[in-house]
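The report below describes a single protein chain from its coordinates. It goes from helix packing to the sheets and then to totals for the chain.

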Amino acid sequence: MVEGRTHKPVIQYDRCETCGVCLRACPAEVVPEMRKEQDSLRGRLYEETDTELRLNLSKSYGPPRCQGACPIGQDVRGYMRLIFEGRYRDALELIRDANPLPSVCGYVCHHPCEKACTMGEVGDPLSIRSLKRFLADYDDGNFTPPERQAPKNKKVAVIGSGPSGLTAAYELAKQGYEVEITESYKDPGGMLAWAIPAFRLPRPVLNRDIDYIRKMGVEIRTGVSFGRDVTVENLRDKGFNAVILATGTQKSLKMNIRNENGHPGYMDCLTFLRNYSDGMTPQLGNRVLVVGGGNAAIDTARSALRLGAGKVSLVYRRSLEEMPADREEIKDALGEGIEIMVLTAPVKLLVASGEARGLECVKTRLGEPDASGRRRPIPVEGSQFEILADTVISAVGQQQDHSLISKGVSRAEGSLTIDPDGMRTGVEGVFAAGDFVNGPTTVVEAMASGKKVAQAVEEDLKSK
């Protein structure tokens, strides 16, 4: 920091992350009268960055804040420095050391690293997600995966090819295990392949990451349903030593309002998004209402607009500031003309001639924070009103579908009760990870769970 003309810039060792990105904006580099050779930053401090300074920061202050905020502990400082030096290939290889889905993260990660970026204290934070996207797009398909450890002669089955399942498979393959993923959908990627629309996550981008994981020796079988086509018992018969359940949250939550069930013109967002991904375009009509405030609600609303709806409105019971959707997604939705009706809660599905015709809603006000940390919406007495629509889509959340999974596990084998710390179930050799354990989370949080379950599986197999 500079105080007057007689003082020179000084690195604050407890704050500077030495990524090197801000070097060209440093006063000691761009202000001529401050570039005295004996004490310029380039001559006195930045030469130390790759040796003593980096080590001292690491030992004294722990990982950089950007890395500490990343659920998978990505070395953001490291690959930012490599980008700054123009070493793009090395930067991408460093990312993939911890992250098998850099392309996916470059497009849809909620980037908590940027919120923690030190640069945000003096201006805009570094565009870390965009830089990761740049690096992933730099991939020409000729990158060689890291060398695998010696084969362990043990097999692991992963049920589900979403971010947690893919990450667990990648980590175990690196350690020398034979890994097979089974996926019920026609394409690999889990909900990445159909719940996130292609305009937000292009399918070639997703497939680039999946192809890289396949290069690690991971086999992926699609169109295979756990409980119908495969069970824990027959996986054991085929020689698998461990099974990881990573099926995510495949079941939509209900709004719990009157008239909700069984009316044409009303659907849940997961059904809608899967049909949209598969090219099955429902007749939405001119006016569409989407209930919810998360990314799935935003994706649903933007998809409905692309299917030709004349007017699409989001109905959300809290304020705009408390919407859990990414700020960028909200901004894009508003820019496309989607209306967001905040402080509005549905209480009844309007039905005429057996079909949905809109919502009866009530205005809300915000009270004290609830368990989520957000202020609780309180209905305003006497504020009921109606919104007419041709289609109503619920996007209020998802949950695990344990009924489907239980079909693949014999009751004689044990309980599906899950220990979220150890990632183990009550069934010997069966583990669980991702949203199937934690409920709906972000892509990178699901990846962190995949890393954790891979470690648990390896520890278990080593002991046998």
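Helices H6 and H9 are roughly perpendicular to each other, a label that covers angles of 65 to 115 degrees, whereas angles under 35 count as roughly parallel, over 145 as roughly antiparallel and the rest as oblique. The axes of H6 (residues 88-98) and H9 (residues 128-137) cross at roughly 110° and come within 9 Å. Axes here are lines fitted to C-alpha atoms, for helices over the stretch in contact, and angles run from 0 to 180 degrees between N-to-C directions. On the H6 side, Tyr-88, Ala-91, Leu-92 and Ile-95 meet Lys-132, Phe-134, Leu-135 and Ala-136 of H9; contact means heavy atoms within 4.5 Å.

This is a predicted model, in which local features need pLDDT of at least 70 and side-chain atom pairs count only at pLDDT 80 or more, while totals for chains, interfaces and linings use all residues. Residues are numbered from 1 along each chain as its sequence is written, and side-chain values use heavy atoms, with hydrogens and water left out. Helices (H or I, at least four residues) and strands (E, at least two) are DSSP runs, numbered from the N terminus.

H9 also holds Leu-131. Leu-131 counts as partly exposed because its relative accessibility is 27%; buried means under 20% relative accessible area, exposed over 50%, and partly exposed in between (1.4 Å probe, protein chains only). With neighbours within four places in sequence left aside, Leu-131 is in contact with Met-80 and Ile-83. Gly-106 is 25 residues from Leu-131 in sequence, and their C-alpha atoms are 7.5 Å apart.

Helix H10 (residues 163-174) is largely enclosed by the rest of the structure, since twelve of its twelve residues are buried. Among them are Glu-171 and Lys-174, as well as Leu-166, Tyr-170 and Leu-172. The end C-alpha atoms of H10 are 17 Å apart, which agrees with the 16 Å that its twelve residues should span at 1.5 Å a residue; the expected span is 1.5 Å times one less than the number of residues. After H10 comes Gly-176, with a positive phi near 100°.

Helix H15 (residues 327-335) has Glu-329, Ile-330 and Ala-333 buried. These residues lie on the same side of H15, because they cover an arc of only 100° around the axis; the arc is that of the directions from the helix axis to the C-beta atoms. An α-helix has 3.6 residues a turn, so residues three or four places apart point the same way. Lys-331 and Gly-335, on the other side of H15, are exposed. The buried residues of H15 pack against H14 and S9. Gly-337 follows H15 and has a positive phi, near 95°.

Strand S9 belongs to an open sheet of five strands in the order S6-S14-S7-S8-S9, with parallel pairing. Strands S6 (266-268) and S9 (339-341) form the edges, each pairing on one side only. From one strand to the next, the twist averages 20°. Helix H13 (residues 269-277) packs on this sheet and touches S6 and S14 (391-394), its direction making about 85° with that of S6. Helix H14 (residues 295-306) lies across S7 (287-291), S8 and S14, and runs at about 170° to S8.

| Strand pair | Sense | Bridges |
|---|---|---|
| S8 (residues 311-315) and S9 | parallel | three bridges |
| S1 (residues 155-159) and S2 | parallel | five bridges |
| S11 (residues 355-369) and S12 (residues 375-379) | antiparallel | four bridges |

Ile-159 stands opposite Thr-182 in S2. Strand S2 (residues 178-183) is mostly covered, with five of its six residues buried. Pro-369 faces Arg-375 of S12 as its opposite residue. The hairpin of S11 and S12 has five residues between the strands, and Gly-373 in this hairpin takes a positive phi near 90°.

Over the whole chain there are 18 helices and 18 strands. Of its 464 residues, 51% are buried. Among contacts in the chain with a separation of 6 or more, 69% are between residues 24 or more positions apart.

Technical notes
Two strands pair if DSSP finds at least two bridges between them.
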